[in-house]
Amino acid sequence: MSDETIPATAAPQKKEAGLWAYLRVSLSVTVLIALLALAAAVIVVPAATGATPLTVLTSSMEPTLPPGTLIVTRPVEPSDIRIGDVVTYQLHSGEATVVTHRVIAVSKTAGGEYSFTFQGDNNSQPDPDEIREVQIQGRLWYSVPYIGWVNTWINGEARAYVVPVIAGGLFAFAIWMLISGMIDKAKKRKAVAAGEKVSGRRRAGTPV
């Protein structure tokens, strides 16, 4: 009989280590995907398509667009705007202040110019003024809950250093994932080789 023995806890420990490695990789991949999706929604997609990311600051569009929601709008032709569309418009033509509400009425003058009546989903009354074509900024394309505050922060003075930091962090994370995976594979190969060596010695020492 061989003098070598394998501890009874070896198999459970190996199984536990394998499960932990799987969970760690899964969590890392999930975090990476979430970061990439966030960067795409806030920075990449709007920049690549000419869309405008905005943050909902008031409760006038609850429950559809609660405060803190990121909304991304794209330019739209006035003739393509329909009742029910959510549209961003300038409160006063040529000024920076904008409002994002739902279209409840569309009219057209004899001269062919469109005008629109808006109302917030959470408001009991329509917005007081009719909005002219020149005030229209864009129609809602997509929205993402809760990350509007991130968009506001990134689009402020912090943009100059936040974007490079995010990009560098994602690159570093990807490199770490690659190296970590290579190390895990090397450890598994060593463990398999050691197990085969021990098994070979046990077979050689077993009496016939």
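This is a predicted model: local features need pLDDT of at least 70, side-chain atom pairs count only at pLDDT 80 or more; totals for chains, interfaces and linings use all residues.
Buried here means under 20% relative accessible area, exposed means over 50%, and partly exposed is whatever falls in between (1.4 Å probe, protein chains only). Residues are numbered from 1 along each chain as its sequence is written, and side-chain values use heavy atoms, with hydrogens and water left out.

Seven strands make up an open, antiparallel sheet, ordered 1-2-7-3-4-5-6. At the edges sit strand 1 (52-55) and strand 6 (131-132), each pairing on one side only. Strands are DSSP runs of E with at least two residues, helices are runs of H or I with at least four, and both are numbered from the N terminus; two strands pair if DSSP finds at least two bridges between them. Strand 2 (residues 70-74) and strand 7 (residues 136-144) are joined by five bridges in the antiparallel sense, and valine 72 stands opposite tyrosine 142 of strand 7. In the loop between strand 1 and strand 2 lies proline 63, whose peptide bond from glutamate 62 is cis, with omega near 0 degrees.

On to the rings. The structure holds four aromatic pairs. In one of them, tyrosine 89 and phenylalanine 118 have ring centres 4.6 Å apart and planes at 35 degrees, so this pair is tilted. Tyrosine 89 belongs to strand 3 (residues 86-90) and phenylalanine 118 to strand 5 (residues 114-119), which puts the partners 29 residues apart in the chain. Tyrosine 89 is buried too, at 2% relative accessible area. Tyrosine 114 and phenylalanine 116 form a stacked pair, 6.4 Å centre to centre with 15 degrees between the planes, and both are buried. For the cut-offs, rings of Phe, Tyr and Trp (its six-membered ring) pair if their centres lie within 6.5 Å; planes under 30 degrees apart count as stacked, over 60 as edge-to-face and the rest as tilted. Tyr89, Tyr114, Phe116 and Phe118 form one aromatic cluster.

Finally, valine 31 is found in helix 1 (residues 10-49) and, at 36% relative accessibility, counts as partly exposed.
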